[in-house]
Amino acid sequence: MNTARGRLRVYLGAAPGVGKTYTMLGEGHRRQDRGTDVVVGFVEDHGRARTAAQVENLEVVPRKTMVYRGTSFTELDTDAVIARRPKLALIDELAHTNVPGSKNPKRWQDIEEILNAGIDVISTVNIQHLESLNDVVQQITGVPQRETVPDEVVRKADQVELVDMAPEALRRRMAHGNVYAPEKIDAALSNYFREGNLTALRELALLWVAGKVDEQLDRYRSDHGIAGTWETRERVVVALTGGPEGDTLVRRAARIAARAKGADLLAVHVTRSDGLSGVDPAKLSRQRTLVESLGGSYHHVVGEDVPRALLDFARGVNATQLVLGASRRGRFAQVFSRGVGVTTTALSGSIDVHMITHAEAGKGARSARPTAALTRRRRFAGWAMVLLAVPALTAVLVPIKDRLALPSEILLFLLMVVGVALVGGMWPAVTAAVTGFLLLNYFFTPPLGRLAVSEPENLLALTVYVLVAVMVSAVVDLAARRTREAARASADAEVLSTLAGHVLRGEAALASLLARLRETFGLSSVTLLERTGQSVPDDQSEPRAWRIVATSGAAPCQSPGVADSDVSIDDDLVLAVRGRLLDASDRRVLEAFAAEAAIALRQERLREEAEQARPLAEADKMRTALLAAVSHDLRTPLASAKAAVDSLRSTDVEWSREDRDELLATAEESLVKLDRLVANLLDMSRLQAGALGLALQPIAVEEIVPRSVDDLGPLKDRIQGDISADLPEVLADPALLERILVNVMTNAVRYSPPGAKVLVTASWYGDHVQIRVIDRGPGIPREAHDRVFMPFQRLGDRDNHTGVGLGLALSRGLAEAMGGTLVPEETPGGGLTMIITLPISSRAHAVRGEESA
């Protein structure tokens, strides 16, 4: 029996604590009161009394218990929920990651199974768990979220409801202890739950839900065949023709859109279906760049009827306003045709149409001058045939005119005209047709020797001859013109596709782009010039007014005035070429290259700025992390030592000898921690500055490892060593190598299960010795191997009382400073192995050489 899929409802929140779970449970109570069979599949109350109280009087499906690495966890029992077959299941935390070994890796996959079983589900999720916004939230809050859910899962939900709360109200809830335990409130309010963070997260949630509502509205209008505009949001569409007025229209449309908060800007160009519109692709490319720089989107549609295609697009995107340019056609042309603007306005219906005047209005449409359909040599050959073939044919036919009828003579002349049209094009053929008409009339049509026709049939035949000859000539010329245009368009398309492939393959470097342009048109040099800003009388020909940004070829142009052809990209950039003059069709492709060159230049400069800003950002990130981490770790040992010393100096209490010894030990331990912390910070700063002093010398590994183990103090009983005495000496700084080993072994002991031993081994291969520190702890994911060596990182460690996370970062830096490496790898069977690789000393090399000899 086929079971209908259940319905999914998701409560979306901007942050923890806004009341998603509470609202979900409230909805469960309302459904139950109406007679719906409701169960709680999984609800996490996080210790909140009011949320826990909401679970009362609702049936709870028992959770399943799973053991992972010696620890018990409870998870949603999917099979139990399906077996219970309620009408509605309440399941919290849609983005939750299940314990390894579960049936599904993610809870949303469990929910999919329950939905497929025909059970309705209500769930919850926070905006930071949506996959598409995960990195944005991390940039805002500085806190990574490792549990994510694909956006599509939430978008496919039958209902998505935003549980909203003002940042101030949420912070008050936290201050009253309604969200977190009292000891966590101050830290939460000072970090993740800052007012600015909550405001940004709230805006993300509102915008995401608004996008979901837009999708639902579009689907509803499509399903119900609603073509009219519903003005739910301002959407401004600007129509671009590729003409010079395009920049004006785009900027005006952007200003119109800016007047309404959250309005969308869309630009559209309609191409006629025959593809022969004569639009300049370079201007369209520049206008597209302008639209996108103003936050809009560019669209391209094809339609035979431009006004209707334009309005179909506008209604399809639910546009509220349409921006058109005033007609460039002259008054005489407008008498015979209303034009696109007037027709569109008449058919627009509820869409407001703005007719924008511009500098080109009324000047007449400037169509490109058609190029000759045939080459000069063929046109010359056509005129030669007119001068030679027509008299020759007449001379051949006159002696035998008594043997031929007039229709035969007309057909022979028509054949000659077609031949002239095929060779020389339209005008030579028309001339041959008219000349043939006169010769046929004079030599072959009674009365002979006179330009007169006595019989109407002969006049009709000659007239038809001329008309057929002219029409054939026009068709041949048009075919030749279209063939040439198609060949030219094919060549241009091939060049532009090469350009697009050049960019898509990642070859968008400016110099490479200019080299491609030079090769394409066979130029001697191609130069991208930028205005320097100097005031000179003739800046087009003055080299001081320009500087070369990039060039390809010999003898680059120093200014646009000395170039054979140049293209102005904007007020400050000009592409200048030298080698030959380019015709109009070549210039269109040249302008497309110029627009792409400007984009490539902008990308290069953005990359350079990003590279320059990266060290500053890293330094700022390091400084911020240092202040955040050290603020606690410096205060803790200082406070402990100060409290112990103050107690010893107090005269109000008589301390016993045991108490005094304990206080002194506490002070000593705190000062040792402080000394170690300061030493690590100083060494890290020296490493980054390249000022760390090294005293490299040959040292035996079997001597340094025991000393390092002794430095661990009480932890040394957790270390098990297996170091061979046959290992060669390594070249290292003894004190720094000892610190590396202490840091790595301390880290391994800290993450190992209670009572488990950490194994330290060493082996020799080639010119290096490897020291391995092996633990059986939880390990770390392979993708996080590099992150554990970043300063101030405590990957997966929630304890902020164990140091600032400099140990591994410093250890790797010290190892590399001595010419070695420190890398992690997975321990077979579970755990982490840290491998310290060091070069053997020159003395060990000499010993090896003697042994091999």
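A polar contact is a pair of N or O atoms within 3.5 Å; within protein, one must be able to donate a hydrogen and the other to accept it, and residues adjacent in sequence count only if both atoms are side-chain atoms. This is a predicted model, where local features need pLDDT of at least 70, side-chain atom pairs count only at pLDDT 80 or more, and totals for chains, interfaces and linings use all residues. Residues are numbered from 1 along each chain as its sequence is written, and side-chain values use heavy atoms, leaving out hydrogens and water.

**Stop 1: Asn-104.** Select Asn-104, in the loop between β6 (88–91) and α4 (107–116). Helices (H or I, at least four residues) and strands (E, at least two) are DSSP runs, numbered from the N terminus. Asn-104 is buried at 13% relative accessible area (buried is under 20%, with a 1.4 Å probe and protein chains only). Its side chain makes polar contacts with the side chains of Asp-110 (2.7 Å) and Glu-113 (3.1 Å).

**Stop 2: the sheet.** Now show the strands. Six of them form an open, parallel sheet in the order β3-β2-β6-β7-β1-β8. Strands pair if DSSP finds at least two bridges between them. β3 (59–60) and β8 are the edges, each pairing on one side only. Zoom in on Val-39: opposite stands Glu-59 in β3.

**Stop 3: α1.** Select residues 20–33, the 14 residues of helix α1. Its buried residues include Lys-20, Met-24 and Arg-31. They pack against β1 (8–13), β2 (38–42) and α2 (49–55), among others (contact means heavy atoms within 4.5 Å). Just past α1, click Gly-35: its phi is positive, about 100 degrees.

Methods: Buried < 20%, exposed > 50% of the residue type's maximum accessible area, 1.4 Å probe, protein only. Expected span 1.5 Å × (residues − 1).
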